[in-house]
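Please look over the model shown here.

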Amino acid sequence: MWLGLGNCYVYYRFEPEINILTIEQTLRMMVDVVADGGNVEFNLGPKPDGTLVDFETERIKAMGDWLAVNGQSIYGADRSPVKSREGFRLTHRPDLNRLYVHVYDWPEDGKVVLTGLGLEVRSASLLANGTKVSTSSSDSGDVVVELPEKRPSEHVTVVAIDYVGEIGG
C-alpha cells in the first residue's frame, strides 16, 4: 500500500489538518497492512528547499521510535492464521513460533481473548518493557491474555506470545 501522511502525495502547504494522519493512525495503518499480509510505503513530499514538513518529520520519527521497540512484530512478520478482533490486530512469525498481539484499545477488564488458537502458550511478554503477562487456555482452544492495568505504550502496545506446535493444531 502506498499512501501519504495527508491527502496529498506531494508537498502542499495548504493541507488541512483534518486530512493529516495522527501518529496513532500512522502506526495503526502500518500494523493493519502487515496484519493483512501487505507492505506499506509512506510517501513524503519535500518542500521546495528539500526539507520535510514538520508533521511528516514528527510521524516518521515516532514510527522509527516505535519500530525500534516493536519492529520484530513487523519486520519479517506476516498475517496471522488467527483472525484479529476489534481492538487488536495480529501478526505472526511462524519461523519463531511467535504470535504478536497489537493492542489498539486497552480492554476495561484487562483481557484479550484469542479465539480458536488451539495451542500451548510457552510464554507471553510485552515488547515495550519485557514484562511477562499471564495467559490461560480454555478447552475450546481460546487463549486469554491478561494485560497489566497500566498501558506501557502510548499508541500501540505489542504482546509477543511464544507457543509450542502449530496454530490451530
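The report goes from the whole chain to one strand, then to the salt bridges and a second sheet.

**Basis.** This is a predicted model, in which local features need pLDDT of at least 70 and side-chain atom pairs count only at pLDDT 80 or more, while totals for chains, interfaces and linings use all residues. Residues are numbered from 1 along each chain as its sequence is written, and side-chain values use heavy atoms, with hydrogens and water left out.

**The chain as a whole.** The protein chain has two helices and 10 strands. Helices (H or I, at least four residues) and strands (E, at least two) are DSSP runs, numbered from the N terminus. The elements run β-α-β-α-β-β-β-β-β-β-β-β from the N terminus on. The chain has 169 residues, and 45% of them count as buried. Buried means under 20% relative accessible area, exposed means over 50%, and partly exposed lies in between (1.4 Å probe, protein chains only). The chain exposes about 9,300 Å², with 48% supplied by carbon and sulfur atoms. That area comes from the Shrake-Rupley method with a 1.4 Å probe; for residues, only the protein chains shown count as cover. Take the contacts (heavy atoms within 4.5 Å) with a separation of 6 or more: 65% of them join residues 24 or more positions apart.

**Strand S4.** Six of the six residues of S4 are buried, so the strand is largely enclosed by the rest of the structure. In a regular strand the side chains alternate between the two faces of the sheet. Here Phe-88, Leu-90 and His-92 point one way, and Arg-89, Thr-91 and Arg-93 point the other way.

Two strands pair if DSSP finds at least two bridges between them. Strand S3 (residues 78-79) pairs with S4 in the antiparallel sense over two bridges. Arg-79 has Thr-91 of S4 as its bridge partner. S4 is joined to strand S5 (residues 98-103) by six bridges, again with an antiparallel run. S4 and S5 form a hairpin with four residues between them. Asn-97, in the turn, has a positive phi of about 50 degrees.

**Arg-93.** This residue is found in S4 (residues 88-93). Arg-93 counts as buried because its relative accessibility is 15%. Its side chain reaches the backbone oxygen of Gly-76 at 3.3 Å. Beyond its neighbours within four places in sequence, Arg-93 is in contact with Gln-72, Tyr-75, Gly-76, Ala-77, Arg-98 and Tyr-100.

**Salt bridges.** The structure holds eight salt bridges. A salt bridge is a side-chain nitrogen of Lys or Arg within 4 Å of a carboxyl oxygen of Asp or Glu. The table lists some of them.

| Arg-28 | Glu-24 | 2.9 Å |

Arg-28 and Glu-24 both lie in helix H1 (residues 23-35). They are four residues apart, about one turn of the helix. The pair of Asp-32 in helix H1 and Arg-89 in strand S4 links distant parts of the chain, 57 residues apart. Glu-24, Arg-28 and Asp-105 are linked in a network of salt bridges.

Which of these residues are buried, and which are partly exposed? Arg-89 is buried at 16% relative accessible area, whereas Asp-32 is partly exposed at 22%. Arg-59 counts as buried at 10% relative accessibility, while Glu-58 is partly exposed with a relative accessible area of 44%. Glu-24 counts as partly exposed at 27%.

**A second sheet.** An open sheet of three strands has the order S6-S9-S8, with antiparallel pairing. Its edge strands are S6 (111-114) and S8 (134-137), each pairing on one side only. The twist averages 20 degrees from one strand to the next. For such angles, axes are lines fitted to C-alpha atoms (for helices over the stretch in contact), and angles run from 0 to 180 degrees between N-to-C directions. S6 and strand S9 (residues 143-146) pair over four bridges in the antiparallel sense. Val-112 stands opposite Val-145 in S9.

How values were computed
A polar contact is a pair of N or O atoms within 3.5 Å; within protein, one must be able to donate a hydrogen and the other to accept it, and residues adjacent in sequence count only if both atoms are side-chain atoms.
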